[in-house]
Amino acid sequence: MQKKLLLGDEAIALGAIDAGLSGVYAYPGTPSTEITEFIQNNLVAKERGIHSRWCTNEKTAMEAALGMSYCGKRALVCMKHVGMNVCADAFVNSAITGVKGGLVVLAADDPSMHSSQNEQDSRFYAKFAMVPVFEPGSQQEAYDMVADAFELSERLKEPVLFRVVTRLAHSRAAVQVHEPVSENALDVSQDSWVLLPAMARKKYAALIEKQPLMEKAAEESMYNRMESGSGSIGIVACGIAYNYVKEVLGDEAKVLKISQYPLPAGQIRKLASESDAILVVEDGQPVVEEQLAALLGAGYPVKGRLTGDLPRTGELTPDCVAAALGKPSGPAFDNAKNLVGRPPQLCQGCGHRDVYTALNKVLSEYPDYRIFGDIGCYTLGALPPFRALSSCVDMGASITMAKGAADSGFFPAVAVIGDSTFTHSGMTGLLDAVNDGSNITVVISDNLTTGMTGGQDSAGTSRYEAICVGLGVEPGHVRVVVPLPQNMEEITRILREEIAYEGVSVVIPRRECVQVAARHARERKATQEKADRK
C-alpha cells in the first residue's frame, strides 16, 4: 500500500488500471479528459497493452467498450455529461442486453457550466436506463469505487454509471492505492445480445427483475451511511456535497451520505422518522430531492433546490449550504466587484483568427448574413473582436443548421466547424446537405488536433478532403487554404467563389494549433538534446 497525490480524474484512472482494466474508450471533454490521458501515459497500462486511443465520438466509445465487455474484459467509457446524449442509444440498450466483463460508464458533470453548454445531471440517465450509479465524494472514494463498480457490474451483469463533478475531477488529494490485479481472461462463450423485439422483451423483463438486487446493493453499500447528530433537520448529502455539509456542521450533522444508487429507501425512511424535515444537498439537478418527495409523500417537508433553500443552478458551496442550515458563512470576497471581466479569447497567432478575419471581410459584402458555429475553441469567434458566430448549440449543429437555413431560402448560409467536431458529428449533416443539394458553404477549420481539450489526436487528420469527396461534395469545391495574414487575399477570393457557388462547397483552412506546435517543438528539441548527449 502506498499514497499518491492525485486529481480525482487520475484517481479514477489509476483505480481502473489497478482493478484489471483492459480498455478505456473516450472522446475528450472537460472535465473527463485527464482520465484517458493518465491511462495513456501510465507505465502499467503500457506494459499490459491496455487499449487507450481516443474514439471519434462518445457513441463509438460506448459501443466499442460494449464489444470488449462481450468478450469478458473490463472496459471503461469516459465522457463529459453532454457526451451521454451522444451515446444514449447504446447506453440505454446496454442495460437490456446486459454485460459480461465489467462495464463502467464515467460521466463527468459540470455544474456552473465552467466549460459546457448546460448543467444536465447524468444521474437521470442511470434512472432512465435502470442501472446502478456510483458517485464518489472524495478522491479516495473515487479510487476505491472503481473496483467496486466493476465487481457490481459483473455480479449483476449490467453496466454501471460512475458520476463525478468538476470540483472533484479537478482537485487533488492523497490517495492510498494497492497493487494492481490481473485482467480478466478472454471469454467468448455463447451469448446472444440481439435485441429483436421478441428477445428484447425478455431481456427487459430480466432487467426489471434485477431492480431489487440493485436496491439491496445500495442499502448495504459501505458508501451509503447514516451519521448521527443533533438538530431536527435530517440531511441527505450526495457525493461531493457531503464535504460541504461536514465543513459547515462537522460532527453535529444528522446526515445520510449517499454515494451509491438506487436510493437506499430504508435508510431514507429511518432518517425521515428521526427528523422533522430533510434537506437534500446534491451538486447538480434535484434528482434525489424529487425522488424523496415521492418516497416520503406530499406531507413530509423535503427541502433543497426546488424549494429555494439551496440555489437552483450552479455548483454548491459551503456558504450556500450554511445559509440553508441557518448557519453563518465565511467572509465574503468583497474585492470581486472591482475586478475587470476578462473573457477568454483565441490564442495570439491562432489560425482560427485568420479564418474569422477573412469570413467577416467577405460576408460584410452581403446585407444580412449569419455564420452558424459549433463546439470547440473556435466558438470564441462569437466574442469580441470578431463577433462572427450567430449560433452554437451542440456538436455538429453548424452544418445542419446552415442546411435548414438554406432550406428556408436564406443566403448566404455558412457553417464553421472544427476538424475533430466534424468527424465527431458533422459528417452526417454534410451528407444530408449533399443529398439535398443544399446551397451552403462549410468551413472546416482544421488545426490538426482537438484543441479545446488540450491537443488530443483528431480522428480524421489528413483525410478531410477525402471524407468530403466520399460524402459526395464535388472535388472542385473542396478547397484547402493556409490561414495566415499574408494569404488573406487568396483566402477571401476562395471564400467568395465558394459562397457564390450554388451547391455544397467546403473550404478547409489548415494550420497546426499554435499551442500544439509549440509543444511539438519542445519535444523535438528535447529529443535532439538527448541524442546529442549520447
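Helices (H or I, at least four residues) and strands (E, at least two) are DSSP runs, numbered from the N terminus. The exercises below use these elements in a predicted model.

**Exercise 1. Locate Met 113 and state whether the residue is buried, partly exposed or exposed.**

Step 1. Find the flanking elements. Met 113 belongs to the loop between β4 and α7 (123–129).

Step 2. Inspect the backbone. The phi of Met 113 is near 50°, which is a positive value in a residue other than glycine.

Step 3. Apply the cut-offs: buried means under 20% relative accessible area, and exposed means over 50%. Met 113 has a relative accessible area of 38%, so Met 113 is partly exposed.

**Exercise 2. Carry out the analysis of Exercise 1 for Leu 448.**

Step 1. Leu 448 is found in the loop between β16 and α19 (464–470).

Step 2. Although Leu 448 is not a glycine, its phi is positive, about 65°.

Step 3. The relative accessibility of Leu 448 is 32%, and the residue therefore counts as partly exposed.

**Exercise 3. Determine the strand order of the five-stranded open sheet, and explain why one side of β14 and of β17 is left without a neighbour.**

Step 1. Read the order across the sheet. The five strands follow one another as β14-β15-β16-β18-β17, and their pairing is parallel.

Step 2. Identify the edges. β14 (370–372) and β17 (478–481) each have a single partner strand, so one side of each has no neighbour in the sheet.

Step 3. Consider the twist. From one strand to the next, the twist averages 25°.

Step 4. Examine one pair in detail. Four bridges link β17 with β18 (residues 504–509) in the parallel sense. Within this pair, Val 480 stands opposite Ile 508 in β18.

Step 5. Helix α18 (residues 419–436) touches β15 (413–418), β16 (440–445) and β18, and its direction makes about 150° with that of β15.

**Exercise 4. Describe the open sheet of six strands and one of its strand pairs.**

Step 1. The order of this sheet is β2-β3-β4-β6-β5-β11, with mixed pairing.

Step 2. At the edges stand β2 (21–26) and β11 (260–261); each has a single partner strand, so one side of each lacks a neighbour in the sheet.

Step 3. Strands β4 (residues 103–109) and β6 (residues 160–165) pair in the parallel sense over six bridges. Asp 109 has Val 165 in β6 as its bridge partner.

**Exercise 5. Describe the packing of helix α1 (residues 8–18) on helix α8 (residues 139–156).**

Step 1. Recall the description used for such a pair. Two packed helices are described by the angle between their axes and the distance between the axes.

Step 2. The angle between α1 and α8 is about 35°, and their axes are 8 Å apart. The crossing is right-handed.

Step 3. Name the residues in contact. From α1, these include Ala 11, Ile 12 and Leu 14; from α8, they include Tyr 143, Val 146 and Phe 150.

Step 4. Classify the contact. The residues of this contact comprise eight nonpolar, three polar and one charged.

**Exercise 6. Characterise the nonpolar cores.**

Step 1. In soluble globular proteins, nonpolar side chains tend to be buried together.

Step 2. Describe the largest core. This core has 104 residues, of which Ile 39, Leu 76, Phe 91, Phe 162 and Val 236 touch the most other members. Helix α8 supplies the largest share, eight residues.

Step 3. Turn to Phe 91. Leaving aside residues up to four places away in sequence, Phe 91 touches residues including Met 62, Val 105, Tyr 125 and Leu 161.

Step 4. Describe the second core. This separate core of 46 residues includes Leu 389, Val 442, Val 443 and Ile 467.

Note on methods:
Residues are numbered from 1 along each chain as its sequence is written. This is a predicted model: local features need pLDDT of at least 70, side-chain atom pairs count only at pLDDT 80 or more; totals for chains, interfaces and linings use all residues. Side-chain values use heavy atoms; hydrogens and water are left out. Two strands pair if DSSP finds at least two bridges between them. Axes are lines fitted to C-alpha atoms, for helices over the stretch in contact, and angles run from 0 to 180 degrees between N-to-C directions. Contact means heavy atoms within 4.5 Å. A crossing is left-handed if the near helix is turned anticlockwise from the far one by less than a right angle, and right-handed if clockwise. Ala, Val, Leu, Ile, Met, Phe, Trp, Tyr, Cys and Pro count as nonpolar, Asp, Glu, Lys and Arg as charged, and the others, Gly among them, as polar. A nonpolar core is a set of buried Ala, Val, Leu, Ile, Met, Phe, Trp, Tyr and Cys residues joined through side-chain atoms within 4.5 Å. Buried means under 20% relative accessible area, exposed over 50%, partly exposed in between (1.4 Å probe, protein chains only).
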